[in-house]
Amino acid sequence: MKLHGIQKMTLLDFPGVVSCTVFLGGCDFRCPFCHNFELVDGTAKPVMTDDDLIEFLKGRKALLDGVAITGGEPCMHGEDLIALIKRIRETGYKVKLDTNGYHPELLEEILCGGLVDYIAMDIKNSEEKYAVTCGLDEIDTDKIKKSISLLMSGDTPYEFRTTVINEFHEAEDFDKIGEMITGAERYFLQRFTDRDTVPFGNLTAPSFDDMRKYAEISRKYVKNTELRGVE
């Protein structure tokens, strides 16, 4: 399996775990605000194989405790992703998975197998605005709702998270998102930040006051709602 990037150490990507982050290519979505669009459109070339990663991990046991797998959308890789997770776990590391929730069948296999220690799932927007926020004409939101249900009914620690952008989100969206994830373990609102790889160049971040307002709305549904990217 080919990997398209690696961050050799991070204290931020895997809660409570010193980890590295590996990036897989490809995604079903075309989110205009994506920070890793070079992984989506194929611009980013592979930098290592899974064999290379395992050799790297064997030499980092004194420094790292976990591996965060992100993308792109890792679940697009199906059984290859599961094989990669198993190899990482056999090396003695904890595994965190980032996902957009559009592959509930694979997610269910991963959860039922106890293959990961933590999952972060993106909630892009309210149901009626999901497709446009993902850069698509249409989307099967039943897949998203199935993945939400799997996480909330399972035993694997998880979080939901939304990247908040002025051009896509307003206060009423967070009531509707809240209804989708009522009673979730934790929910993070991430303030959009721009960078050169973001595919659409006219997007803006909400004010700090708006972010706090959206968090207060969300706490009606998910008590443990926190902000990221708001200093």
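These questions and answers walk through one predicted protein model, from the whole chain down to single residues.

Local features here need pLDDT of at least 70, side-chain atom pairs count only at pLDDT 80 or more, and totals for chains, interfaces and linings use all residues. Residues are numbered from 1 along each chain as its sequence is written, and side-chain values use heavy atoms, with hydrogens and water left out.

Q: How many helices and strands does the chain have?
A: Helices are DSSP runs of H or I with at least four residues, strands are runs of E with at least two, and both are numbered from the N terminus. Counted this way, the chain has eight helices and 10 strands.

Q: What radius of gyration does the chain have, against that of a compact globule?
A: The radius is taken over C-alpha atoms, and the globule rule is 2.2 Å times the number of residues to the power 0.38. For 231 residues the rule gives a value near 17 Å. The chain agrees with this, at 17 Å.

Q: What box do the C-alpha atoms of the chain fill?
A: The box is taken along the principal axes. Its sides are roughly 50 × 35 × 35 Å.

Q: What share of the residues counts as buried?
A: Buried means under 20% relative accessible area, exposed means over 50%, and partly exposed lies in between (1.4 Å probe, protein chains only). Of the 231 residues, the buried share is 51%.

Q: What share of the contacts joins residues 24 or more positions apart?
A: A contact means heavy atoms within 4.5 Å. The count takes contacts with a separation of 6 or more. Residues 24 or more positions apart account for 73%.

Q: How far apart do the centres of the positive and negative side chains lie?
A: Lys and Arg count as positive, Asp and Glu as negative, while His and the chain ends are not counted. Each charge is placed at NZ of Lys, CZ of Arg, CG of Asp or CD of Glu. The chain has 28 positive and 41 negative side chains, and the two centres are separated by 4 Å.

Q: Why do the buried residues of α7 lie on the same side of the helix?
A: Helix α7 spans residues 171–180, and its buried residues are Asp173, Phe174, Ile177, Gly178 and Met180. They share a side because they cover an arc of only 150° around the axis. The arc is that of the directions from the helix axis to the C-beta atoms. These residues pack against several elements, including α6 (141–153), β8 (158–164) and α8 (208–218), and the side is set by that arc of 150°.

Q: Which residues on the other side of α4 are exposed?
A: Helix α4 covers residues 104–112, with Pro104, Leu106, Leu107, Ile110 and Leu111 buried. Those residues fall within an arc of 160°, so they line one face. They pack against α3, β6 (94–99), β7 (118–122) and α6. On the other side, the exposed residues are Glu105 and Cys112.

Q: Which residue takes a positive phi just after α4?
A: Look just past the end of α4. The phi there is about 60°, and the residue is Gly114.

Q: Which two residues does a cis peptide bond join?
A: Look in the loop between β5 (66–70) and α3 (78–90), where Gly72 lies. The omega of the cis bond is about 15°. The bond joins Gly71 and Gly72.

Q: Is Met121 buried or exposed?
A: Met121 is found in strand β7. Beyond its neighbours within four places in sequence, it contacts residues including Thr99, Ile144, Leu151 and Phe160. Its relative accessible area is 0%, so Met121 is buried.

Q: What is the relative accessibility of Ser19?
A: Ser19 is found in strand β3 (residues 19–23). Leaving out residues up to four places away, it touches Lys8, Phe14, Leu64 and Val67, among others. Ser19 counts as buried, with a relative accessibility of 0%.

Q: Which residues does Met48 touch, not counting those up to four places away in sequence?
A: Met48 lies in strand β4 (residues 48–49). Its relative accessible area is 14%, so it is buried. Its partners are Met1, Lys2, Leu3, Ile6 and Leu53.

Q: What is the relative accessible area of Ile6?
A: Ile6 lies in strand β2 (residues 5–10). It touches Thr21, Val22, Phe23, Met48, Leu53 and Phe56, not counting residues up to four places away. Ile6 is partly exposed, at 24%.
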